[in-house]
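Here is a briefing on aromatic ring pairs. Look at the sequence and the structure first.

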Amino acid sequence: MSPLSTSRRTAGPKRSRQRVLSPAAVAVAGGALLAAACVLSLAVGARPVGWSTLLDTWTTFDPSLGDHLVVQSRVPRTLTGLLAGAALGLAGAAMQGVTRNPLADPGILGVNAGAALAIVAALFLFGIDGPAGYLWFAFAGAAAAAACVYAVASLGREGATPVKLALAGAALSAVLASVMNALLVLSQQTLDQFRFWQVGSLSGASTAELRTVLPFAVVGALVVVALGRSLNGLALGDDLARGLGQRVALTRAATAVGVVVLVGSATALAGPIAFVGLVVPHLVRALVGGDHRWLLPLSALLAPVLLLTADVTGRVVTPPGEVQAGIMTAVVGAPVFIALVTRRRVAGL
């Protein structure tokens, strides 16, 4: 028996063990989970609301009833979780694809920290308030942080390996956090306004602010999703992608623009929430494989489930107070990050 035939026979079981689920089935299940997370976000909190009351609020709203007003007040919070979660999930999946780095995440690579510092600086230096005013600062800060991390990680003969990117992102995040804290200490007004926002929260945005951020997030999402086939080519390596006729530099530049817009939108709305863009793409990849044509939209579908669930959990763990959503996602995401770093299969480690 030839070695070739032996290798084929041994490869068969391995391929079957790596078989993934149907993307359509995952999309249906993800849609059901997202609907359940939205219902929980509207019903659960310091003042629980019964399911019948929740239904009555949407069918026969009565502004004189306190429970109806409570449900109505939670709508912007739920919509913020949907928009910010989808943006962060998409950004994380795109960053992992364009850098071929399994550790890529807007929080780990310092992009969130850059957007957050720019927003705090806008308030401190210019008195700008609200997403409508500081959205462009968030974009600029996210772009500057991403460029700085990549430039630092590219130093040396090995280039921007996963570990170097993660270390550069962690170092930059620490520096930017120190500067941001200095600004907050110098201004009591800035500290009072952003002390909850800076750890990541869904409770601060209004419907008007959502309408301001939504168009930018949609544009960023369309840009990233449209690049799914090109990101599949980049996964094969730059040389092979060029051989297939792809314009590698243009793909990377377009992806970077989309990621910056998505992260800037999410950070302006909900603050610097980390680990959502790390955990969800890895989960989706384990379920449906690495095809970015499915990986990107499914990450956008499932990331709000994680963020809304974290927000709901934070409301009930320490009643009558609450733990901010950014802290709860870190509780989930930090062990996943450690597990990824310690796995021998992570390229470049």
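F216 is partly exposed, at 25% relative accessible area. Partly exposed sits between buried, under 20%, and exposed, over 50% (1.4 Å probe, protein chains only). This is a predicted model: local features need pLDDT of at least 70, side-chain atom pairs count only at pLDDT 80 or more, and totals for chains, interfaces and linings use all residues. Residues are numbered from 1 along each chain as its sequence is written, and side-chain values use heavy atoms, without hydrogens or water.

**The pair of W136 and F216**
- W136 is exposed, with 57% relative accessibility.
- The ring centres of W136 and F216 lie 5.3 Å apart and the planes meet at 90 degrees, so this pair is edge-to-face.
- Rings of Phe, Tyr and Trp (its six-membered ring) pair if their centres lie within 6.5 Å; planes under 30 degrees apart are stacked, over 60 edge-to-face, the rest tilted.
- W136 belongs to helix α6 and F216 to helix α9 (residues 207-226), so the pair links distant parts of the chain, 80 residues apart.
- Helices here are DSSP runs (H or I, at least four residues), numbered from the N terminus.

- The whole structure holds four aromatic pairs.
- One of them is F126 with F137, tilted, at 5.9 Å centre to centre and 35 degrees between the planes.
- F126 is in helix α5 (residues 111-126) and F137 in helix α6 (residues 131-153), so the pair ties together parts 11 residues apart in sequence.
- F126 is exposed at 55% relative accessible area, while F137 is partly exposed at 28%.

Definitions and conventions: Helices (H or I, at least four residues) and strands (E, at least two) are DSSP runs, numbered from the N terminus.
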